[in-house]
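Dear colleague,

I am handing over the structure below, together with notes on what was found in it. Please read the notes with the coordinates open beside them.

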Amino acid sequence: MPAPATAPTAAGAAGSSGKAPFAAATVAVLGSLAALGPATTDLYLPALPELTADLHSTAPAAQLTLTGSLLGMAFGQLLFGPLSDRVGRRGPLLVGLVVYTAASVMCALADSMAMLVAGRALQGVAGSAGLVIARAIVRDRLEGVPMIRFLATMGLISGLAPILAPVAGGQLLHFTDWRGTFFTLVVFGALLTAGSALGITETLPPERRHGDGLGTTVRAIGGLLRDRPFLGYLLTSTFAFGALFAYVGGSSVVLQDVYRISPQTYSLVFAVNSIVLLAVTQLNGRVLVQRFPGPVLLVSALAVATAAGVAVVLCTTVWDAGLAGVWPALAVLMGSMGVILPNANGQALTMAPHAAGSASALLGTGTFLCGSVVAPLSSVGGHPSATALGLIVLGCSLLALLSFLPLYRRR
């Protein structure tokens, strides 16, 4: 399949503009569904040291709660994405949200680390329905630059989750224990279930569904994986997300244990970096994609992410810069993700109008699978390490850049 144009054509723009826009309530629900992943992973991060002590466990074991959630989100999308291509979007979405709410109750009541990890895995599988189906719904209705711009609008809403979640989690610890953070997710899941039931209509008509069973699904996924441009964007998104989740999974224990900051200070650091991500995401969607070719944006942002990884390593080895050196480098990393992820995902989805659910599932599975692998690596050996965090960020950023360079040269 040929690579898509880097700028919108007149036909593409007209085709997209001819489709009815989403209602404001639907936009809010879609943004909240996209926020489900960050809320699930980030809300309880300030409480990781507390729950580790309360359950008489270790830091690497506690980070498995993040790994379990990410693995669930990775493989759950392979279930819900193709399923939504076969039976429609709305039914699988509502089922997933109901199970997510029940899994959140299980996490809140866990009396052992094993039970908490299991609950987090189930939470991830069920919550993946919102992530993968929200992207598929957007692809059902939009394409090209309008789709990327709408993804940026969704990002404006979902971007509040990584800003507010750790702040809220840190403040919740003033009034409750770590279990209270999971009861908050119970409420969020219930509200999303109600909002989706009332605000989401079916966007995949029966004539566009793949109703021939598992074989059709496997062939659709196989065809996407054999498409070299799609695979290039998939790998770029996957490894970039790995760098992001190295930060998400490792920053809590590294910044609190290595640099001895409080949960409240950590939530502030995390919020500031998330604001950078949100601001650059909006800049990308509203300005950059209109002025620069997509490949130029991607290769530039990937180079910036790689430089941020180098800076973290240097600030923890060559220079003893402390938090004052590491924090700005991590903020730059987050900013680069505001360009990399929406452009790589948008270009990949543009190539799969015939199987938006399966394409969305592959994107989600790759990114969350990579994230689940790298998230606990900063505490390998039982001791958090800022240098290890920097090396993981650097390695993932380099892999993302190397995955995209063949596409860039081809352009």
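Thr52 lies in helix α3, where helices (DSSP runs of H or I, at least four residues) and strands (DSSP runs of E, at least two) are numbered from the N terminus. With a relative accessibility of 11%, Thr52 counts as buried, the classes being buried for under 20% relative accessible area, exposed for over 50% and partly exposed in between, with a 1.4 Å probe and protein chains only. Apart from neighbours within four places in sequence, Thr52 is in contact with Ser57, Thr58, Ala59, Ala62 and Met113, contact meaning heavy atoms within 4.5 Å.

Before going further, please note that this is a predicted model, in which local features need pLDDT of at least 70 and side-chain atom pairs count only at pLDDT 80 or more, while totals for chains, interfaces and linings use all residues. Residues are numbered from 1 along each chain as its sequence is written, and side-chain values use heavy atoms, with hydrogens and water left out.

For the chain as a whole, the secondary structure comes to 16 helices and zero strands. Of its 411 residues, 58% count as buried, and among contacts between residues at least 6 apart in sequence, 86% join residues at least 24 apart.

Most residues other than glycine have a negative phi, whereas His56, which is not a glycine, has a positive phi of about 55 degrees. Its relative accessibility is 74%, so His56 counts as exposed.

The salt bridges come next, a salt bridge being a side-chain nitrogen of Lys or Arg within 4 Å of a carboxyl oxygen of Asp or Glu. By this rule the count comes to two. In one of them Asp85 pairs with Arg89, with 2.9 Å between the closest N and O atoms, and both Asp85 and Arg89 are buried. In the other, the side chains of Arg89 and Asp140 meet at 2.8 Å, N to O. This second pair links distant parts of the chain, since Arg89 sits in the loop between α4 (59-87) and α5 while Asp140 belongs to helix α6, 51 residues apart. Arg89 has a relative accessible area of 1%, and Asp140 is likewise buried, at 6% relative accessibility. Through shared partners, the salt bridges join Asp85, Arg89 and Asp140 into one network.

Two helix pairs were examined, with axes taken as lines fitted to C-alpha atoms over the stretch in contact and angles running from 0 to 180 degrees between N-to-C directions. The axes of α5 (residues 90-108) and α6 (residues 113-141) come within 8 Å and cross at roughly 155 degrees. Helix α5 is therefore roughly antiparallel to α6, on a scale where angles under 35 degrees count as roughly parallel, over 145 as roughly antiparallel, 65 to 115 as roughly perpendicular and the rest as oblique. The crossing of α5 and α6 is left-handed, meaning that the near helix is turned anticlockwise from the far one by less than a right angle, with clockwise giving a right-handed crossing. Among the residues making the contact are Pro92, Gly96 and Ala103 of α5 and Leu122, Ala126 and Ile133 of α6. By class, this contact has 14 nonpolar, six polar and one charged residues, where Ala, Val, Leu, Ile, Met, Phe, Trp, Tyr, Cys and Pro count as nonpolar, Asp, Glu, Lys and Arg as charged, and the others, Gly among them, as polar.

Helix α12 (residues 263-291) packs with helix α14 (residues 323-350) at an angle of about 35 degrees, with the axes 8 Å apart, and the crossing of α12 and α14 is right-handed. The residues in contact include Val272, Asn273 and Leu277 of α12 and Trp327, Met334 and Pro342 of α14. Sorted by class, the contact of α12 with α14 has 14 nonpolar, seven polar and no charged residues.

Val254 has its place in helix α11 (residues 228-258) and is buried at 1% relative accessibility; its C-alpha atom is separated by 9.6 Å from that of Ala388, 134 residues apart along the chain. Not counting residues up to four places away in sequence, Thr316 touches Tyr259, Val326, Ala386 and Thr387.
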